[in-house]
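User: I have a model open and want to learn how to read it. Can you walk me through it, feature by feature?

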Amino acid sequence: MHPLAPCQVIGIFDPRASYEAALRENPDNLQNSSTGGRQKRGVATHSKFWASHRTLKIAFINPPSHAHRNAVINAIKHWQNSINLTLEFVDDATGDIRITLEAPANYSAIGTDATLRQPHQNTMNVGTDLMHPQFEATVMHEFGHALGMEHEHQHPHADIPWDKPKVYDVYLHNFNWSKEQVDHNFFRTLDAINTRTTPYDKLSIMHYKIPNEFTTGDWSVENNSTISQKDRRLMRKVYPRNKEDRATSPPPRISLAEIKFATFITGNT
Ligand SMILES: [Zn+2]
């Protein structure tokens, strides 16, 4: 049984706009970008993290109830002690992150891609029902995207033994996805650049549930329901709260020449 469709990130169809938005917000995103045309795969390879220590305003568009809104806020706050951002929940609908709570889909923009959404558009949706056992985990997962995190099962070292025909069969027929959607969300691996220096983590809140039937051999990942230690380690590197965090994240320097020759990709594979 697959009662919930997995999360899909909000794709940005203009990679150059995404790149420029990421750099405008946080120049450190450049150190994680491909330069000199070395990228082998057609995926955006810059990171999309917010500027350190900034205030991130979080708004709700037409929340169905105070209880629903508060449950989302409480779940988001699980990230707070691993980041140096100030999370400010605002009462009107204008925020850096704009959340809708409409069933059934779950999706979010990745980090600074949210700045490319129109002011009236949401940047994140939590469609999982408030009473569902996975509600809190779903919010933490979607907000991980909002902080700039990608899907963990697309980590370059995930090496998942996919039974691809089986996955296509389930998603094309049960969820009406296209083959391209399955490829994009399941099988496409991201460059190491997106996942920075943390090793692949089966316990990540950013991992899809992978039933055994989707793989060959005995391989599966359950519904992860908490933010893992490695998730927190990554966020502490990106948004260091103290000297110890910073010490684990030496900032690689990049030359002006490299900035000048940074290349942009089209998103074609
Ligand atoms: Zn996701």
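Analyst: Two strands count as paired if DSSP finds at least two bridges between them. Helices (H or I, at least four residues) and strands (E, at least two) are DSSP runs, numbered from the N terminus. The model is predicted: local features need pLDDT of at least 70, side-chain atom pairs count only at pLDDT 80 or more, and totals for chains, interfaces and linings use all residues. Residues are numbered from 1 along each chain as its sequence is written, and side-chain values use heavy atoms, with hydrogens and water left out.

User: How many helices and strands does the protein chain have?

Analyst: The protein chain has nine helices and six strands. Of its 269 residues, 51% are buried. Buried means under 20% relative accessible area, exposed over 50%, and partly exposed in between (1.4 Å probe, protein chains only).

User: In what order do the strands form the sheet?

Analyst: Strands of a sheet pair through backbone hydrogen bonds, either parallel or antiparallel. Here six strands form an open sheet with mixed pairing, in the order S1-S5-S6-S4-S2-S3. Its edge strands are S1 (8-9) and S3 (86-89), each pairing on one side only.

User: Which strands pair in the parallel sense, S1 with which partner?

Analyst: S1 pairs with S5 (residues 107-108), parallel, over two bridges. Val-9 has Ser-108 of S5 as its bridge partner. Next, S4 and S6 (residues 124-125) also pair in the parallel sense, over two bridges. S2 (residues 55-60) runs parallel to S4, and three bridges join them.

User: Which way do the residues of S4 point?

Analyst: In S4 (residues 97-100), Ile-97 and Ile-99 point one way. Arg-98 and Thr-100 point the other way, and all are buried.

User: What does Thr-100 touch?

Analyst: Contact means heavy atoms within 4.5 Å. Thr-100 lies in strand S4. Leaving aside neighbours within four places in sequence, Thr-100 is in contact with Ile-61, Tyr-107, Asn-122, Met-124, Asn-125 and Val-126. Thr-100 counts as buried because its relative accessibility is 5%.

User: Is Ala-75 buried or exposed?

Analyst: Ala-75 is buried, at a relative accessible area of 0%. It sits in helix H2 (residues 66-76). Beyond residues up to four places away in sequence, Ala-75 touches Glu-136, Val-139 and Met-140. Ala-75 and Met-140 are 65 residues apart in sequence, yet 6.0 Å apart in space, C-alpha to C-alpha.

User: What share of the contacts joins residues 24 or more positions apart?

Analyst: Among contacts in the protein chain with a separation of 6 or more, 74% are between residues 24 or more positions apart.

User: At what angle do the axes of H4 and H5 cross?

Analyst: Axes are lines fitted to C-alpha atoms, for helices over the stretch in contact, and angles run from 0 to 180 degrees between N-to-C directions. The axes of H4 (residues 164-174) and H5 (residues 179-187) come within 10 Å and cross at roughly 120°. That makes H4 oblique to H5. Angles under 35 degrees count as roughly parallel, over 145 as roughly antiparallel, 65 to 115 as roughly perpendicular and the rest as oblique.

User: Which residues make the contact between H4 and H5?

Analyst: H4 contributes Lys-164, Val-167, Tyr-168, Tyr-171 and Leu-172. H5 contributes Lys-179, Val-182, Asp-183, Phe-186 and Phe-187.
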